[in-house]
Amino acid sequence: RGLAIPSNWPLSDSSSFALLYHQIWYNKTQMPAQDEANKSTLKEEKELLAWNAPARPFKRRNRQFYVTIIAIAAIVGLILFLVDGFLPVILIISMVFLFYVLSTVDPENIDYRLTSLGIKIADTPRVDWNLTTRFWFTRRFDSDLLVIETLNFPGRLELVIKPESKDEIKEKIKEYVQFEEAPASSLDKAANWFSERLPGNK
């Protein structure tokens, strides 16, 4: 079907006519297809599971534990001071202080949400499922954790969960990400070996 040209249209203005014709053609043929494509790509976000739990694993330590940590830090700090000077000692003191704070201040409870589009932790931006590679469960201190490996920084998400919810979580998210435990790295093995020998960690 041809396009009807108004009787008063200035045929000499060919560029304006071509622009009008292209706009009418686009509105009739391309826009409906584009709208359908947009509708098909937009996905409704559905909540799979939500819970409230501490922001991080936590375990209170006794006096013997801190005495051991300070003694180890003092020995390592002395060695590094003799080798590299005072700067590494400052770093060790800062790390010991941070560890002390994290071990004495109870973590706040935050909201965790698993949706059809990704993972939401408190008020942080959502991490989409297409940025995750696998998930597994582990335990640290006195807390059960859902660990999700991601492609972006920091590489892993650790969500504190309730022990009785493991099976439900696995069933809810295995459709979006693979269930597979990552093998422990050399650093993980060394940290676990050291941690098991500290007072109160056995």
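1. Helices (H or I, at least four residues) and strands (E, at least two) are taken as DSSP runs, numbered from the N terminus. This is a predicted model, in which local features need pLDDT of at least 70 and side-chain atom pairs count only at pLDDT 80 or more, while totals for chains, interfaces and linings use all residues. Residues are numbered from 1 along each chain as its sequence is written, and side-chain values use heavy atoms, with hydrogens and water left out.

2. Phe153 and Pro154 are joined by a cis peptide bond with omega of about 10 degrees. Pro154 sits in the loop between β6 (143-150) and β7 (156-161).

3. Two non-glycine residues with positive phi deserve a look. Ala122 has phi of about 55 degrees and belongs to the loop between β3 (118-121) and β4 (127-128). Phe141, in the loop between β5 (132-140) and β6, has phi of about 60 degrees.

4. Buried means under 20% relative accessible area, exposed over 50%, and partly exposed in between (1.4 Å probe, protein chains only). Ala122 is partly exposed because its relative accessibility is 38%; Phe141 is partly exposed because its relative accessible area is 35%.

5. A nonpolar surface patch consists of Ile75, Leu78, Ile79, Phe81, Leu82, Val83, Phe86, Leu87 and Ile90, together about 970 Å² of accessible area (Shrake-Rupley method, 1.4 Å probe; for residues, only the protein chains shown count as cover). Two or more residues each come from α2 (63-84) and α3 (87-104), and α2 gives the largest share, 6 residues. Patch members have over 30% relative accessible area and no salt bridge, nonpolar side chains (Val, Leu, Ile, Met, Phe, Trp, Tyr) being joined within 5 Å and like charges within 9 Å. A salt bridge is a side-chain nitrogen of Lys or Arg within 4 Å of a carboxyl oxygen of Asp or Glu.

6. Ile75 lies in helix α2 and counts as exposed because its relative accessibility is 54%.
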